[in-house]
Amino acid sequence: MLATFRSMKQSRLTPDGMTFSIVINGCARAERVNAAFAVLGMMRRANLPPNAITYSTLIHACGKTNQLNRALETLAEMERDGIRPNVVTWTALIDAHGKGEQPEAALWLFGRMEASGVQPNEVTLDVLFNALMRAGQLERAVRVLQAVAAGGSLAAAAGAAGEGGGAAGGAAGACLRVTGRMYTTVLRRCMDVQDVVQLEATLALMRADRMQPPVGLREELATFCGKTQQLAQAFDRVARLCAGGARDVDGADESGAMPAARERALRNAVALAVEMARASATGARLLLDLVASASAVESVHAANAPPAAASSAPARD
């Protein structure tokens with residue numbers, strides 16, 4: 001494409017603004033960022049001012065090649081030229097910083113967009129959501145989805161620093177809708193990290209949105225919730241027994257003087273807790289901490305712990 005462009009100039013054919021834009025776009029798609037900016041320089045020398053599309057294309061190219069500072073410099077140059085960044089420009093910037101694992105910068109840019117009065121679109125929401133999920137910021141991602149449902153400021157909901165969240169951008173979420181893919185992504189991540197709080201919050205959002213998880217995911221959720229409830233009950237049981245609460249054991253008298261019944265209950269509680277803790281490294285460490293403080297637990301643990309629990313022991317803090 002550049003060869004054709006040079007051939008045009010050598011033939012004394014004058015390229016117009018559209019031609020320059022096409023060449024810049026071709027260079028950007030090929031990730032030849034330096035060449036794209038060189039063509040921008042030619043465009044200026046030909047007294048053809050670049051427009052919002054030209055700058056957005058260059059910013060997108062910078063993002064694809066992880067040249068984040070250059071992308072921000074291009075934004076500043078665009079604003080100096082008196083060209084107002086549009087939703088495509090802001091989305092390209094947010095996406096670039098999200099993929100560059102800079103979620104705070106992505107949120108800051110989203111806040112600037114809201115403050116400038118530019119309304120995000122579905123693509124903008126998607127790249128912001130992906131930026132937070134890529135950075136492992138599950139709670140923030142859920143707050144963004146909640147802001148969409150409430151029609152509020154997404155940047156303020158996610159706790160963005162600096163600009164944004166003001167009156168101009170206060171209803172940014174009103175024109176947006178959370179997709180099923182976003183809900184599914186959050187639910188799967190909640191199960192991966194065993195975050196029951198965010199899982200319940202996301203399911204509540206789905207119900208309010210009159211959406212349901214896919215059938216396969218519903219089955220996984222049912223299994224996860226059942227195991228989570230059993231795990232919590234098992235840990236509570238072990239904690240009370242380790243604290244010496246023999247009176248909590250079925251058949252114990254008020255004095256709590258029934259070590260045999262206490263040991264029997266402890267065996268059952270440990271076996272259940274170990275079984276449920278297999279899917280959670282954190283749960284396994286907690287279980288080991290709990291049982292380590294109980295009297296006569298070493299023999300109980302050795303007699304009842306499955307192989308998976310024994311392999312979890314080195315991970316203990």
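Modeller: Let us begin with a term: a contact means heavy atoms within 4.5 Å. The model is predicted, so local features need pLDDT of at least 70 and side-chain atom pairs count only at pLDDT 80 or more, while totals for chains, interfaces and linings use all residues. Residues are numbered from 1 along each chain as its sequence is written, and side-chain values use heavy atoms, with hydrogens and water left out.

Colleague: Which residues does leucine 145 touch?

Modeller: Leaving aside residues up to four places away in sequence, leucine 145 touches Phe129, Val178, Met182, Tyr183, Val186 and Leu205. Leu145 is also among the residues with the most contacts inside the largest nonpolar core, together with Leu154, Val186 and Leu199. That core has 61 residues.

Colleague: What makes a set of residues a nonpolar core?

Modeller: The members are buried Ala, Val, Leu, Ile, Met, Phe, Trp, Tyr and Cys residues joined through side-chain atoms within 4.5 Å. Buried means under 20% relative accessible area, exposed over 50%, and partly exposed in between (1.4 Å probe, protein chains only).

Colleague: Why is cysteine 62 called buried?

Modeller: Its relative accessible area is 0%, and the limit for buried is under 20%; cysteine 62 therefore counts as buried. Cysteine 190, at 0% relative accessibility, is buried as well.

Colleague: How many disulfides does a search of the whole structure find?

Modeller: The search finds 0 disulfides, a disulfide being a pair of cysteine sulfur atoms within 2.5 Å.

Colleague: How do you know that the span of helix α2 agrees with expectation?

Modeller: Helices (H or I, at least four residues) are DSSP runs numbered from the N terminus. The expected span is 1.5 Å times one less than the number of residues. For the 13 residues of α2 (residues 17-29) this gives 18 Å, and the end C-alpha atoms are 18 Å apart, so the two agree. Within α2, Phe20, Val23, Ile24, Gly26, Cys27 and Ala28 are buried.

Colleague: Are glutamine 194 and arginine 210 buried, partly exposed or exposed?

Modeller: Glutamine 194 has a relative accessible area of 27%, so it is partly exposed. Arginine 210 is at 80%, and therefore counts as exposed.

Definitions and conventions:
Helix = DSSP H or I, 4+ residues; strand = E, 2+ residues; numbered from the N terminus.
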